[in-house]
Amino acid sequence: MKRFHVHLHVADLARSIGFYSKLFAAEPTRVEADYAKWMLDDPAVNFAISTRGTQPGIDHLGIQTDDPSELAAMKARAEAADMALQDEGETTCCYARSEKHWVTDPQGIAWEHFHTLADIPVFNEAASTQPSASACCAPAPRGKPIGIPVKSSTSSCC
């Protein structure tokens, strides 16, 4: 099964948690000082919010897969469609270790395709000692440009 993923920047985490908990009729499955996530089954969505970022709004969209073969199939489709793809491999972000790659739609919106491997206790292991105002979810392009907005130059994640 695949799960749609949305990550929003919010100005007030507590107020947003209250709003989305009522909207989804469910409490978040994970809450941190700067982050909250709902893993909903109806609709199947991984909905995340964080206070990281420069202004409220959509950080990125994505598809979370349940197993590596689904992720490999999504990567093959992106490559077959001649989409510019940034393969991060195994990385950490949003309190999780994941295998992921990124593509960008024609409007410049970053799409993350990922398979979560494990939870971790920090937002991003590489940046855990360096506070950042950015969610760092959409990585800075490396190699072939893909048009993903740069969120952080220190590391990639989410």
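How many helices and strands are there in the protein? I looked, and there are two helices and eight strands. I took helices as DSSP runs of H or I with at least four residues and strands as E runs with at least two, numbered from the N terminus.

A note to myself before going on. This is a predicted model, so to speak, in which local features need pLDDT of at least 70 and side-chain atom pairs count only at pLDDT 80 or more, while totals for chains, interfaces and linings use all residues. Residues are numbered from 1 along each chain as its sequence is written, and side-chain values use heavy atoms, with hydrogens and water left out.

**Entry: the whole chain**

I read the elements off from the N terminus and got β-α-β-β-β-β-α-β-β-β. Next I checked burial (buried is under 20% relative accessible area, exposed over 50%, partly exposed in between, with a 1.4 Å probe and protein chains only). Of the 158 residues, 49% count as buried. I also looked up contacts, meaning heavy atoms within 4.5 Å. Among those between residues at least 6 apart in sequence, 59% join residues at least 24 apart.

**Entry: helix H1**

H1 covers residues 13-24. The expected span of a helix is 1.5 Å times one less than its number of residues. For the 12 residues of H1 that gives 16 Å, and the end C-alpha atoms are 16 Å apart, which agrees.

Which residues of H1 are buried? I found Leu-13, Ser-16, Ile-17, Tyr-20 and Ser-21. Looking down the axis of H1, I see the buried residues within an arc of 130°, so they line one face of the helix. The arc is taken from the directions from the helix axis to the C-beta atoms.

The face of H1 turned away from the buried side carries exposed Ala-14, Arg-15, Lys-22 and Leu-23. What covers the buried residues of H1 includes strands E1 (2-9), E2 (30-32), E3 (35-41) and E4 (44-50). At the start of H1, I spotted a side-chain oxygen of Asp-12 within 3.3 Å of the backbone nitrogen of Ala-14. Just after H1, Ala-25 has a positive phi of about 55°.

**Entry: helix H2**

H2 (residues 68-80) has 13 residues and reaches 18 Å from its first C-alpha to its last, close to the 18 Å expected. Its buried residues are Glu-70, Leu-71, Met-74 and Ala-78. Down the axis of H2 they fall within an arc of 100°, so they line one face of the helix. On the other side of H2, I noted Pro-68, Ser-69 and Ala-80 as exposed. The cover over the buried residues of H2 includes E1, E5 (57-65), E7 (96-104) and E8 (110-119). Just after H2, Asp-82 takes a positive phi of about 60°.

I counted two strands as paired if DSSP finds at least two bridges between them. E6 (residues 86-93) and E7 run antiparallel, joined by seven bridges. Thr-92 has Arg-97 in E7 as its bridge partner. Two residues sit between the strands of this hairpin, and Cys-94 takes a positive phi near 50° there.

E7 and E8 also pair in the antiparallel sense, over nine bridges. Here Val-103 has Trp-111 in E8 as its bridge partner. The hairpin of E7 and E8 has five residues between the strands, and Gly-108 in the turn shows a positive phi of about 90°.

Terms used
Polar contact = N/O pair within 3.5 Å; in protein donor to acceptor, adjacent residues only side chain to side chain.
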